[in-house]
Structure formats: structure tokens, C-alpha cells
Amino acid sequence: MKKYNLAVVGATGMVGNKFLQVLEERKLPIENYYLFASSKSAGKVINFMGKPHTVIELKKENIIDKKIDIALFSAGGDVSKEFAPIFQKQGTLVIDNSSAWRRDENVPLVVPECNANDILNHKNIIANPNCSTIQAVVALKPLHEAFKIKRVVYSTYQAVSGAGVKGFNDLKGGICGEKPQKFPYPIFGNCLPHIDVFLDNGYTKEEDKMIFETKKILNDWDLKITATCVRVPVYYGHSESINVEFEKPCTVEQVKEVLAKTEGIVIQDDGKNLIYPMPLTAENKDEVFVGRIRKDDTVESGVNLWVVADNIRKGAATNAVQIAQKAIELDAVKDQFNK
């Protein structure tokens with residue numbers, strides 16, 4: 001079997017650590033791993049794949065002297081903009097978790113359950129979508145194919161880990177009465193209807209990301225989508241209320257049947273026995289959980305869905321590793337090193 005060399009950029013961060021966990025679980029055909037981080041973390045030793053790995057400082061000379069086939073990035077947009085092109089020019093397939101490349105028309109935006117074949121069109125950079133978008137489209141894609149979506153209304157309830165370590169610490173410290181360092185207001189005992197910066201139209205950038213990315217992944221720019229994104233005092237796991245209006249008639253039973261056949265989805269929908277998706281039960285799992293499936297009687301053909309997933313796993317690390325897996329399966333990783 002062909003073996004590859006893989007780099008993790010941002011290996012010491014929250015998502016970087018989760019990259020390593022998922023890579024250990026999924027066992028890709030990798031010969032050598034290179035763990036990159038900033039100069040502050042360079043030299044740190046991480047036990048990974050049963051042996052110690054020394055963290056390498058992310059700088060050009062440390063990139064070009066290695067034969068790296070795939071690089072998983074989770075180090076922020078500015079770092080991606082600076083260093084992804086360096087890997088790209090070396091022939092490395094970059095899978096980037098930041099928002100840096102998602103709107104680039106030459107860069108595929110991929111959720112493997114939805115648009116895996118877009119991987120074949122890469123020019124050595126593939127974008128990992130926003131965490132809140134990923135779990136939504138896993139549920140929406142099969143429904144769009146079956147019943148043709150006309151309109152989507154997103155209302156999200158997003159965990160503090162989506163804001164990184166500082167967001168996580170704001171909730172942890174807020175329990176003890178500490179002042180927030182990441183968020184503008186306390187998050188403990190509170191909800192903030194504000195994720196990312198506000199735009200001129202009154203939407204936040206997070207809401208705008210969900211709208212744009214859903215259209216790009218589903219390859220349907222005529223979809224009508226609106227969104228409200230809210231930060232809630234939960235450590236891990238984004239929850240989403242998704243209202244969907246279809247062009248074709250459908251029943252709740254038909255919606256459930258479509259979702260039950262979809263890769264990566266687990267249906268938890270038994271209200272009488274209080275069975276429904278929750279962040280606590282989705283934590284550290286790769287699946288997208290769907291429940292509270294019910295008809296929307298205000299339109300001719302519509303449903304309400306409650307969709308939950310671990311934002312650090314499926315919403316970030318797992319999806320990126322899945323892209324790498326699929327790229328290997330599709331033989332979409334350039335064999336420039338003749339392994």
C-alpha cells in the first residue's frame with residue numbers, strides 16, 4: 001500500500017489536539033507525521049502514535065526541506081494565508097480548517113458525506129467548512145436531493161469551544177465569577193446572540209458563513225437561507241434548530257426514512273421516552289444526531305429538525321481527516337515523491 005507523509009499545522013491547539021486523536025483512531029496509511037506549531041510551542045514533545053514527536057516551528061525552511069503529501073491546518077486564517085501557499089507550491093495537499101479559503105472559487109469546500117467528488121477539483125488546497133455548517137449540511141444534503149429545498153431558517157446554539165481555548169476558559173472561569181477574556185459579556189448563565197463580528201446588514205459573520213457555505217456545498221445558489229447564531233454556556237457540541245421548506249410534498253415519515261439511510265447520521269427521535277439529541281451525548285462522537293423531526297404546518301411542505309454534533313470533532317477535526325481519507329481513496333493526493 002502506498003504510504004504518505006502528513007503534517008499537522010497548529011498541533012498544540014484545541015483542534016490540533018483533536019486532529020491527533022482522530023488520526024490515531026482512523027489509522028490512515030501514513031509513514032511519517034510532522035507536527036508544526038508556533039515558535040512558542042516549538043520543541044515541545046507530544047506522545048502520538050505510540051512514540052514521542054517533537055513540535056517543529058512553523059517557518060518556510062522547516063517546510064521545504066520535508067516531503068509532505070498532506071497538511072491538516074488549524075492555526076487561524078492569517079497563518080493559513082501565509083503558509084498554505086508554501087505547502088501548496090511544494091505539491092502538498094492542504095486541508096484548511098480556517099475561513100481563509102472557503103470563499104475562493106478555486107478552492108473546494110468539502111463535507112465528504114455531501115460533496116466528496118469536489119475533492120477531485122482541488123489545486124492543492126481544500127477548505128474545511130465552518131463547524132455549524134458541517135453538521136447542518138450532512139442532514140440537509142439528502143433532503144435536498146429527495147424533496148428539493150426551497151428555504152432554510154437556521155437558529156444555532158453554539159458551544160464555547162467554538163471560540164477556542166479562551167472561549168472555553170470564559171465559561172470555566174465564569175462559573176467562579178471571573179471576568180470574561182474572550183467574550184464581551186459573561187457566558188455563564190447567559191446567551192450571546194453574537195458570534196464573530198457584526199456586518200453592515202445586521203447579520204454576524206458566523207451567520208453569513210452558514211448562508212454562503214450551505215449554498216456552496218449544496219451547489220445551489222438559489223436557496224433562500226437565513227440564520228441566527230447564538231453562543232450558549234455549553235462546553236462542547238453545537239445544537240441547531242433547522243426549519244426547512246421543500247418544493248416537493250413530503251411526510252415526516254419520508255423525511256425520517258431518507259435521514260435513516262444517510263451516512264453519518266443517527267436519528268434520536270422518540271419524544272414520549274424523552275429521546276432526542278443533546279450536546280452531552282454527542283460529545284466526542286463523529287456522527288450528526290437528528291431529532292425533534294416534525295411537520296411545519298405553516299407551509300405546504302416543511303419540517304423542523306433538531307441537529308446536534310460535536311463541533312471540535314465532526315465540526316472540525318474529523319471532517320478534515322475524512323477529507324484526507326477520501327482524497328487518498330480517490331487518488332487525489334499528488335504522488336510527487338514517488339512513494
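Over the face of which residue does arginine 103 lie? Select arginine 103 together with phenylalanine 212, and you will find the arginine over the face of that ring, at 4.2 Å from the ring centre; a charge is taken to sit over a ring if NZ of Lys or CZ of Arg is within 6 Å of the ring centre and within 35 degrees of the ring normal. Then select lysine 81, which lies over the face of tryptophan 101, at 4.1 Å from the ring centre.

Before going further, keep in mind that this is a predicted model, in which local features need pLDDT of at least 70 and side-chain atom pairs count only at pLDDT 80 or more, while totals for chains, interfaces and linings use all residues. Residues are numbered from 1 along each chain as its sequence is written, and side-chain values use heavy atoms, with hydrogens and water left out.

**Aromatic pairs**

Rings of Phe, Tyr and Trp (its six-membered ring) are paired if their centres lie within 6.5 Å, and planes under 30 degrees apart count as stacked, over 60 as edge-to-face and the rest as tilted. By this rule the count comes to eight aromatic pairs. Select tyrosine 33 and phenylalanine 48, an edge-to-face pair at 4.9 Å centre to centre with 80 degrees between the planes. The pair links distant parts of the chain, with tyrosine 33 in strand β2 (residues 30–37) and phenylalanine 48 in strand β3 (residues 45–48), 15 residues apart; helices (H or I, at least four residues) and strands (E, at least two) are DSSP runs, numbered from the N terminus. Tyrosine 33 is buried at a relative accessible area of 12%, and phenylalanine 48 is buried at 1%, where buried means under 20% relative accessible area, exposed over 50% and partly exposed in between (1.4 Å probe, protein chains only).

Next, select phenylalanine 168 and tyrosine 235, a tilted pair at 4.7 Å centre to centre with 40 degrees between the planes. Phenylalanine 168 is in helix α6 (residues 164–174) and tyrosine 235 in the loop between β10 (224–231) and β11, 67 residues apart. Phenylalanine 168 counts as buried at 17% relative accessibility, whereas tyrosine 235, at 29%, counts as partly exposed. To see a cluster linked by ring pairs, select Phe36, Phe73 and Phe87.

**Along strand β11**

Move to serine 239, which lies in strand β11 (residues 238–246) and is buried, with a relative accessible area of 4%. Leaving aside residues up to four places away in sequence, its contacts (heavy atoms within 4.5 Å) include Gln135, Tyr157 and Trp306. Isoleucine 242 lies in strand β11 as well and is buried at 0% relative accessible area; with the exclusion of residues up to four places away in sequence, isoleucine 242 touches Ala136, Leu140 and Val303, among others.

**Two helices**

Now show helix α5 (residues 131–147) and helix α10 (residues 313–329), which pack at about 85 degrees with their axes 8 Å apart. Axes are lines fitted to C-alpha atoms, for helices over the stretch in contact, and angles run from 0 to 180 degrees between N-to-C directions. The two helices α5 and α10 are therefore roughly perpendicular to each other, since angles under 35 degrees count as roughly parallel, over 145 as roughly antiparallel, 65 to 115 as roughly perpendicular and the rest as oblique. Cys131, Ile134 and Val138 in α5 meet Lys314, Gly315, Ala316 and Asn319 in α10.
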